[in-house]
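Please look at the sequence and the structure before reading on.

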Amino acid sequence: MDTRTKGFNTKLVHAGIREDAYGSVVTPIYQTSTFAFRNAQQGADRFAGTEEGYIYTRIGNPTTTALEENVAQLENGFGATAMASGMGAVSTLYLALLSSGDHMVSTDSVYGPSRGLMEKHMSRFGVESSYVDTSDLENLRRAMRPNTKVVYIESPSNPAMSVTDIKAAGEIAHAAGALLIVDNTFASPHLQKPLDLGADVVLHSVTKFINGHADIVGGIVVAKTEALHKQIRAMLINLGANMDPHQAYMVSRGIKTLALRVERAEENARKVAPWLEAHPQVAWVRYIGLVSHPQHELAKRQMTGFGSMIAFELKGGIEAGRIVMDNVQLAGLAVSLGGVETLISHPASMTHASMARENRVAAGITDGLVRLSVGIEDLEDILSDLDQALGRIG
């Protein structure tokens, strides 16, 4: 069945699945390192690229291909490349698209390891970078240089929950001859399609919403054009950061319920956010579904929903944050997000600990900031857990 013209939920369930010799309704796990050729000529043809087929799992595997085709269709891209982790995806993009002497502009509150990799390691090879609040397009314009090759944004950003105008950011990048990369992890392809808005590349930590069950680690990159797809894939093959077939099988299993999970979690978050905003111990809340969010109207234009990620600050600062996180019972105190379970974390000491404090604070990641990934549990139980934990603050 050609799923390219089908609806989103139909693509979630069916895209990428191919009929096999046994009529399996799901793509099997092809747990093999290598693939045999019928004869020497077929081997030569596959290595030359004149015949389609598989050679070696680092280069490609049918189970992984099924996932890649699925996500490429969900994001309306030319092709996707699956990696062993979200940081594997970030590393592959940096190395595929940037060279010595090039410059990258990125969102200042970008995921800590993404920034750390660039500032501590890519800089050793002559790649420059700047970090600005990309929700203000003037900041982005001022940060562009003649040697800027990549604009890399998170929208919504992690964990500050800022929203960048993707269409406008793409126009700024393209006018300077640069590519626009969008980390779409927080939104998922169910709520936002950056390639349709002008991005050139989309990446996801599939560990999060796409898999949705906190049981694998993985990343995926979707390119808008064939040329970009080939460039990224070639780098991935050389790096050896490929996703293994069992990982791909698990993600393909999880992705089928993406829309159901995202919608249920968002339904909860839409009620948790105003509850937090009204709580006497809470200083402020950043949830893009709240009218108080500075980019609420922009989010309504470029997204089809607001998701389930909430950031908030307690009036008691970092000590109050510790009390809450040490006393939640239903919510798990853990990094990561986007699973069926509610998770709570402290970015300053966890996901963004590698950033210099002055950079964190400038990016809106204060010492007392708490990040909440709202799950699909019963709303009353989530609120009760937060209420009893907040009640422990003296």
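E68 counts as buried, with a relative accessibility of 6%; here buried means under 20% relative accessible area, exposed over 50%, and partly exposed in between, found with a 1.4 Å probe on protein chains only. The model is predicted, so that local features need pLDDT of at least 70 and side-chain atom pairs count only at pLDDT 80 or more, while totals for chains, interfaces and linings use all residues. Residues are numbered from 1 along each chain as its sequence is written, and side-chain values use heavy atoms, with hydrogens and water left out.

**Salt bridges**

The side chain of E68 meets that of R233 in a salt bridge, 3.2 Å from N to O. This pair links distant parts of the chain, since R233 belongs to helix α10 (residues 226-239) and E68 to helix α3 (residues 62-74), 165 residues apart. Helices (H or I, at least four residues) and strands (E, at least two) are DSSP runs, numbered from the N terminus. A salt bridge is defined as a side-chain nitrogen of Lys or Arg within 4 Å of a carboxyl oxygen of Asp or Glu. The structure holds 13 salt bridges, including those in the table.

| Pair | N to O distance |
|---|---|
| E51 and R46 | 3.3 Å |
| R233 and E68 | 3.2 Å |
| E319 and R322 | 3.2 Å |

How many residues apart are E319 and R322 in helix α14? They are 3 residues apart in this helix (residues 317-327), which means that about one helical turn separates them. E319 is partly exposed at a relative accessible area of 44%, and R322 is partly exposed at 43%.

**Backbone features**

The loop between β4 (148-154) and α7 (166-175) contains P156. A cis peptide bond joins S155 to P156, with omega at about -5°. P159 also lies in the loop between β4 and α7, and the peptide bond from N158 to P159 is cis, with omega near 0°.

M161 is placed in the loop between β4 and α7 as well. Its phi is near 60°, a positive value in a residue other than glycine. Is M161 buried or exposed? M161 is buried, at 2% relative accessibility.

S188, in helix α8 (residues 188-191), has a positive phi of about 75° although it is not a glycine. S188 is buried, with a relative accessible area of 0%.

**Nonpolar cores**

In soluble globular proteins, nonpolar side chains tend to be buried together. A nonpolar core is a set of buried Ala, Val, Leu, Ile, Met, Phe, Trp, Tyr and Cys residues joined through side-chain atoms within 4.5 Å. The largest such core in this model has 84 residues, and those with the most contacts inside it are L180, V272, L276, V285, I310, F312 and L372. Helix α12 (residues 258-277) supplies the largest share of this core, 7 residues.

Which residues does V272 contact when its neighbours within four places in sequence are left aside? V272 is in contact (heavy atoms within 4.5 Å) with I310, L372, V374, L379, I382, L383 and L386. Another core lies apart from the largest one; it has 26 residues, among them L98, V150, I181 and V201.
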